[in-house]
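Hi,

Here is the structure I promised to pass on to you. Please open it next to this email, and I'll walk you through what turned up.

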Amino acid sequence: MGFWFPATNAAFQALRSKPEPSSSIFYHEALTVCAAILEATTHLPHGGRLAVFTDNLNTVQLFNSLAALPSMNWMVILAIDKLLACNVDLRVFHISGVHNIVANYVSRLKNLEALQASPGLTIQPFQPPRSMLGAAQK
C-alpha cells in the first residue's frame, strides 16, 4: 500500500502485516486513499482543496458518492470527518496505472524504481487507519 504527493515529492508506504476484514484490492485501495486524505489534510490550509488520483474506479466512485459497503463505512466516515474538521474540499479522480508510475512503485515496495522515476523522492512509512468497529464490541 502506498501513496505519493507529487508537489512535495514525498511518498508513504505500508506493509500489510495483518489480514484486513476483506482481502480485496478494492478494500486496500480505499484504505490507502483514506490514509492519503488523513495525511494530506495535516498539510493543507484550512479551507483548502485536495485532489486524489487512483487507478481503482470503485474507489473513485466510493469517495465521490460516499456510498460504501457496510464493511467500509468506517473509512468513509473517518475521511469525511477529517475533511469537515479541516474544511477541505475533496475530489477523487481516476488515473491509469501507467500514468501513476511513482505511486505504483511505492505501493509495490519497489523503492529503487520509484527513486529512479522521481529523483529526490522521500519515502516514509505510514500506519493505515484501522476499523473502530471491533473496539466497542466486547
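**The largest pocket**

The largest pocket has a volume of about 910 Å³. Please keep in mind throughout that this is a predicted model. Lining this pocket are 35 residues, and those nearest its centre are Gly2, Phe3, Trp4, Thr32 and Ala103. If you colour by element, you will see that β1, α1, β3 and α4 each bring at least two residues to the lining. The largest share comes from α1, which supplies 7 residues.

**The chain overall**

The chain holds 5 helices and 5 strands, and from the N terminus on they follow the order β-β-α-β-α-α-β-α-α-β. There are 138 residues, of which 40% count as buried. Among contacts with a separation of 6 or more, 76% are between residues 24 or more positions apart.

In soluble globular proteins, nonpolar side chains tend to be buried together. Here, the largest nonpolar core has 32 residues, and Ile37, Phe63 and Met75 have the most contacts inside it. Two or more residues come from each of β1 (2-5), β2 (10-13), α1, β3, α2, α3 and β4. The element that gives the most to this core is α1, with 10 residues.

Setting aside neighbours within four places in sequence, Ile37 is in contact with Leu50, Val52, Phe63, Ala79, Leu83 and Leu90.

**Helix α2, one face at a time**

Next, have a look at helix α2, which spans residues 57-65. Which of its residues are buried? They are Thr59, Val60, Leu62 and Phe63. Viewed down the axis of α2, the buried residues fall within an arc of 165°, so they line one face of the helix. Leu57 and Gln61, on the other side of α2, are exposed. The cover over the buried residues of α2 includes α1 (25-41), β3 (49-54), α3 (73-86) and β4 (89-94).

Both ends of this helix have something to show. The N-terminal end of α2 is capped by Asn56, which has a side-chain oxygen 3.1 Å from the backbone nitrogen of Asn58. After α2 comes Leu66, with a positive phi near 60°.

Is His43 buried or exposed? His43 sits in the loop between α1 and β3. With a relative accessible area of 57%, His43 is over the 50% cut-off, so His43 counts as exposed. Its side chain is joined to that of Glu39 by a polar contact of 2.8 Å.

Asn104 belongs to helix α4 (residues 101-107). Its relative accessibility is 17%, so Asn104 counts as buried, the cut-off being under 20%. A polar atom of the Asn104 side chain lies 2.7 Å from the backbone oxygen of Gly97. Once neighbours within four places in sequence are left aside, Asn104 is in contact with Asp55 and Gly97.

Conventions. Residues numbered from 1 in each chain as written. Predicted model: local features only at pLDDT ≥ 70, side-chain atom pairs only at ≥ 80, totals over all residues. Heavy atoms only, no water. Buried < 20%, exposed > 50% of the residue type's maximum accessible area, 1.4 Å probe, protein only. Helix = DSSP H or I, 4+ residues; strand = E, 2+ residues; numbered from the N terminus. Arc of directions from axis to C-beta. Contact = heavy atoms within 4.5 Å. Polar contact = N/O pair within 3.5 Å; in protein donor to acceptor, adjacent residues only side chain to side chain. Core = buried A, V, L, I, M, F, W, Y, C linked by side-chain atoms within 4.5 Å. 1 Å grid on protein atoms, 1.4 Å probe; cavity = no way out; pocket = protein on both sides within 12 Å on 5 of 7 lines; lining within 4 Å. Points joined across faces, edges and corners; volume = space filled by probe spheres on them.
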